[in-house]
Amino acid sequence: MPASAGKPRQLPDFYLITPTQPDDWQAWLDLIRRSFFDPGVGWLQMRRHDLDDQSFLELATELYALCRENGIPMLVNREPWLAEQIAADGLHLSESRLFEKGIEQRLRPFAWVGASCHGVESLQRAADIGVDFAVLSPVHSTPSHPGRQPIGWQGFAATVAQVDLPVYALGGVAAADLHTAKAHGAQGIAAIRGLLP
């Protein structure tokens, strides 16, 4: 378990998923650092599927140092071995990785485990293997998933009511939607653009 581990009593309201832009790494890191204060991101998912393993490792290592300086837990959305190499606070499972055979055995090194879900089946799978939380998407239409049908707030509420697991709302939502999200059973807001300053 990472030295920075230590679970807070309550999960944070805002879970930032890293963007792919800007291309300049220093500008990218500066943008993320600013999100820690406005809107007040409580933890972060390092998700850069555009990078090869080596570039991902280098950038994630820099980001992890920034997170440590600011007391922000960082979860890695990539292969578990990469997250272990960074000594990240946690692992975030894609929906496909969530269903990999034996994935439960690979979660032990991590203080936190999250999962991306798009319906009741994947949320139940996440709960069954003992993840700490999930994100459910898309609540609204979003450019990152143009072909996926949004579920809306009523659909979100009906879906999360079927599992015993903290679930963040994702997809076309922003910090300003926090009250609405909580009123529909969400733990908080997960976003890329919607949580950047």
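These legends describe close-up views of a predicted model.

Local features need pLDDT of at least 70 and side-chain atom pairs pLDDT 80 or more, while totals for chains, interfaces and linings use all residues. Residues are numbered from 1 along each chain as its sequence is written, and side-chain values use heavy atoms, with hydrogens and water left out.

**View A. The largest nonpolar core.** This core has 70 residues; such a core is a set of buried Ala, Val, Leu, Ile, Met, Phe, Trp, Tyr and Cys residues joined through side-chain atoms within 4.5 Å. Buried means under 20% relative accessible area, with a 1.4 Å probe and protein chains only. Leu63, Met74 and Leu93 have the most contacts inside the core. Helix 2 (residues 53-70) gives the largest share, 8 residues. Helices (H or I, at least four residues) and strands (E, at least two) are DSSP runs, numbered from the N terminus.

**View B. Ser35 in helix 1 (residues 25-35).** Ser35 counts as buried because its relative accessibility is 0%. The Ser35 side chain reaches the backbone oxygen of Ile32 at 2.6 Å. Beyond residues up to four places away in sequence, Ser35 touches Leu16, Gly40, Val41, Leu195 and Pro197 (contact: heavy atoms within 4.5 Å).

View C. Strand 2 pairs in the parallel sense with strand 1 (residues 14-17) over 3 bridges (pairing needs at least two DSSP bridges). Ile17 stands opposite Gln45. Strand 2 also pairs in the parallel sense with strand 3 (residues 74-76) over 3 bridges, where Met74 is the bridge partner of Leu44.

How values were computed:
Buried means under 20% relative accessible area, exposed over 50%, partly exposed in between (1.4 Å probe, protein chains only). A polar contact is a pair of N or O atoms within 3.5 Å; within protein, one must be able to donate a hydrogen and the other to accept it, and residues adjacent in sequence count only if both atoms are side-chain atoms.
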